[in-house]
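Hi,

Here is the structure I promised to pass on.

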Amino acid sequence: MNIDVLTLFPGMFAGPLDESIVGRARALGRLTLKIHNLRDYTHDRHRTVDDRPFGGGPGMLLKPEPVFEAVEGLVGERTRTVLLTPTGRKLTQAIVRELASAEHILLVCGSYEGFDERIRQALADDEISIGDYVLTNGALPAMVLIDAVARLLPGVLGDESSSVDESFSHGLLEYPQYTRPAEYRGMKVPEVLLSGNHAEIARWRAEQARQRTMECRPDLKGPGSADGQVSVDE
Ligand code: 4GY
């Protein structure tokens with residue numbers, strides 16, 4: 001997969017995407033990531049990317065020209081152009097899966113008070129938010145999206161991932177898990193997990209997942225729910 005990112009803060013991307021699984025995806029050649037500085041698409045002496053809103057009001061907006069020229073230069077035949085903005089549809093694991101099947105994604109990060117509306121209108125195939133809060137710019141949301149997509153690319157993770165993702169596709173939180181030691185500071189691992197009775201263990205886990213979802217995330221509602229897309233990975 002190819003991902004291009006258009007941002008005013010390319011420096012923010014150094015580090016997080018070089019490490020761990022995303023770093024491995026890139027090293028393996030499964031993911032090609034290019035970060036582009038929006039300022040490089042300006043033509044004036046001051047490299048201006050923003051301007052004041054018509055009609056007045058606080059703050060500045062990303063002006064259309066640099067974004068249009070950058071996007072037009074970067075898109076191909078099968079590009080998904082995605083704006084990252086709090087007004088987008090909220091990112092879920094289902095959307096991550098959908099994006100992971102794209103050949104080329106172009107992420108456009110919001111900055112200042114927002115975009116000139118024509119950017120949204122003419123350039124965006126999709127608008128995504130990573131949650132109902134406002135950040136200073138779209139760089140962190142872009143990295144969140146890239147991270148979530150990268151781990152789904154074929155060959156990036158081993159089998160360990162598939163079970164985790166499957167458990168989220170049925171719309172329940174994961175059941176509690178334990179590793180050695182069987183007792184730590186007086187806290188014991190539930191007996192059933194040490195029993196070797198796999199049918200019993202599967203029943204216990206299903207019940208725990210149900211209880212935990214009811215308690216922590218009643219909005220998920222379990223199998224078959226249209227909301228059953230949110231993933232809470234611990
Ligand atoms: N939340 N999800 C988000 C964000 C920064 C004001 C528009 C978010 O995706 N992006 O908070 N982005 C804002 C800052 C202008 C972008």
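**Notes on the cores and salt bridges**

Beyond its neighbours within four places in sequence, Ile146 is in contact (heavy atoms within 4.5 Å) with Ile3, Val5, Leu17, Val22, Leu31, Leu33 and Leu107. One caveat before the rest: this is a predicted model, where local features need pLDDT of at least 70, side-chain atom pairs count only at pLDDT 80 or more, and totals for chains, interfaces and linings use all residues. Residues are numbered from 1 along each chain as its sequence is written, and side-chain values use heavy atoms, with hydrogens and water left out.

Ile146 also turns up in the largest nonpolar core, which has 31 residues; together with Ile3, Val5, Leu31 and Leu107, Ile146 touches the most other members. A core here is a set of buried Ala, Val, Leu, Ile, Met, Phe, Trp, Tyr and Cys residues joined through side-chain atoms within 4.5 Å; buried is under 20% relative accessible area, exposed over 50%, partly exposed in between (1.4 Å probe, protein chains only). Helix α5 gives this core its largest share, eight residues. (Helices are DSSP runs of H or I, at least four residues, and strands are E runs of at least two, numbered from the N terminus.)

On to charges: there are 15 salt bridges in the whole structure, each a side-chain nitrogen of Lys or Arg within 4 Å of a carboxyl oxygen of Asp or Glu. Arg78 pairs with Glu103, with closest N and O atoms 3.1 Å apart. This pair links distant parts of the chain, 25 residues apart. Arg78 is exposed at 57%, while Glu103 is partly exposed at 48%.

Cheers
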